[in-house]
Amino acid sequence: MNIVFMGTPDFSVPSLEILLNSKHKISAVITAPDKQRGRGRKVSYTPVKDFALKNNIPVLQPEKLRDENFISELKKINADLFVVVAFRILPPEVFTIPKYGSFNLHGSLLPKYRGAAPIQWAIMKGEKETGVTTFALAEKVDTGKIYIQEKINIEAEDDFGSLHDKMSILGAKVVLDTVNLIDEQNFNLIEQDNSLSTPAPKITKETAKIDCTNSSVNIHNQIRGLSPYPDTFFIYNDKVIKIYKSELTGDINLSPSAIMQTKKELFIGCGDNSLKILELQKEGSRRMKTEEFLRGFSF
């Protein structure tokens, strides 16, 4: 099949790689425009573009997806299928171009966790399993008919970083399986049950701020779900303290927001008991294990 691949972050790269190494043809990659970053305003580009350039795949980077010139370029490619993995919301005039339409890889078991941050919210909500879904694009975001779903366990030690990486590999396999099914016209699309949908909205600063009146389990899952980025945090003496790793403990009873430290350990009071902090970072410093952190800082 003649495929156009659309994606931006690291999560997309395994899917692009597995398609490139398959019997199918990647005619072009669509990704986000380059950006200037840092004090030197150095131009950087997306992980998907980096992979495409290293493998001599043509790249398009539209500012606006409804731009007539961009749509004209897409039509010239004459693709059989558009494959979308962690990209922007496509308008109908784009996703309806190919012969076999377009499908998206989503990081949840749809209709659960529709939205921009499904992996993070599954962990924050304390789920024991999640998965990936490929579905045909429709006008309403994340509502299209399902091709394939694959489950994956969320282990107790998983955080966003570890689960993200495992799901990107699982997702790549599912993407290739979906392309093969479409190529063979051997699939049964399944309607989503909208009554079972749950949201997974974009992570905001408010989402990441720790509220110590919450339960220790909820705060622990919040830390896991947002580590290693964008990180959870609390404010101490007008300074941001980021938390990367914690451990549930029933040994120390503290009131909400109370802090107890020894030479090597740190505990923060929650709405029901306390949480042991294992890795953290103070404003202007680097991430450290608690023992190292406490050598140079005292609460």
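Me: Is Gly271 buried, partly exposed or exposed?

Reply: Gly271 is partly exposed, because its relative accessible area is 43%, where buried means under 20%, exposed over 50% and partly exposed in between, with a 1.4 Å probe and protein chains only. Please keep in mind that this is a predicted model, in which local features need pLDDT of at least 70 and side-chain atom pairs count only at pLDDT 80 or more, while totals for chains, interfaces and linings use all residues. Residues are numbered from 1 along each chain as its sequence is written, and side-chain values use heavy atoms, with hydrogens and water left out.

Me: Where does Gly271 sit, and what does Gly271 touch?

Reply: Gly271 is in the loop between strand E13 (266-270) and strand E14 (273-282); helices (H or I, at least four residues) and strands (E, at least two) are DSSP runs, numbered from the N terminus. Not counting residues up to four places away in sequence, Gly271 touches Cys212, Thr213, Asn214, Ser215 and Pro256, where a contact means heavy atoms within 4.5 Å. Gly271 and Ser215 are 56 residues apart in sequence, yet their C-alpha atoms are 4.7 Å apart in space.

Me: Cys212 is on that list. How many disulfides are there?

Reply: The count comes to zero disulfides, taking a disulfide as a pair of cysteine sulfur atoms within 2.5 Å. Cys212 is in no disulfide, and the nearest cysteine sulfur, that of Cys270, is 5.9 Å away.

Me: Let's step back. What is the overall make-up?

Reply: The protein has nine helices and 15 strands, and its C-alpha atoms fill a box of roughly 65 × 50 × 30 Å, taken along the principal axes. Of the 299 residues, 48% are buried. Among contacts with a separation of 6 or more, 62% are between residues 24 or more positions apart.

Me: What about charges?

Reply: There are 39 positive and 37 negative side chains, and the centres of the two sets lie 5 Å apart. Here Lys and Arg count as positive and Asp and Glu as negative, with His and the chain ends not counted, and the place of a charge is taken as NZ of Lys, CZ of Arg, CG of Asp or CD of Glu.

Me: Now the helices. Is H8 mostly covered or mostly uncovered?

Reply: Helix H8 is mostly covered, with eight of its 10 residues buried, among them Ser216, Ile219, His220 and Gln222.

Me: Which backbone atom does the side chain of Gln222 reach?

Reply: The side chain of Gln222, a residue of helix H8 (residues 216-225), reaches the backbone oxygen of Lys209 at 3.1 Å. Gln222 counts as buried because its relative accessibility is 9%. Beyond residues up to four places away in sequence, Gln222 touches Met124, Thr207, Ala208, Lys209, Ile210 and Thr232.

Me: What surrounds Leu110?

Reply: Leu110 is in the loop between strand E7 (102-106) and helix H5 (118-124), and Leu110 is buried because its relative accessible area is 4%. Leaving aside neighbours within four places in sequence, Leu110 is in contact with Thr133, Phe135, Asp142, Ile146, Gln149 and Gln192.

Me: And what is phi of Tyr113 near?

Reply: Phi of Tyr113 is near 55 degrees, a positive value in a residue other than glycine. Tyr113 also lies in the loop between E7 and H5, and Tyr113 is buried, with a relative accessible area of 6%. Ser257, found in the loop between strand E11 (239-249) and strand E12 (259-261), likewise has a positive phi, near 80 degrees.

Methods:
Polar contact = N/O pair within 3.5 Å; in protein donor to acceptor, adjacent residues only side chain to side chain.
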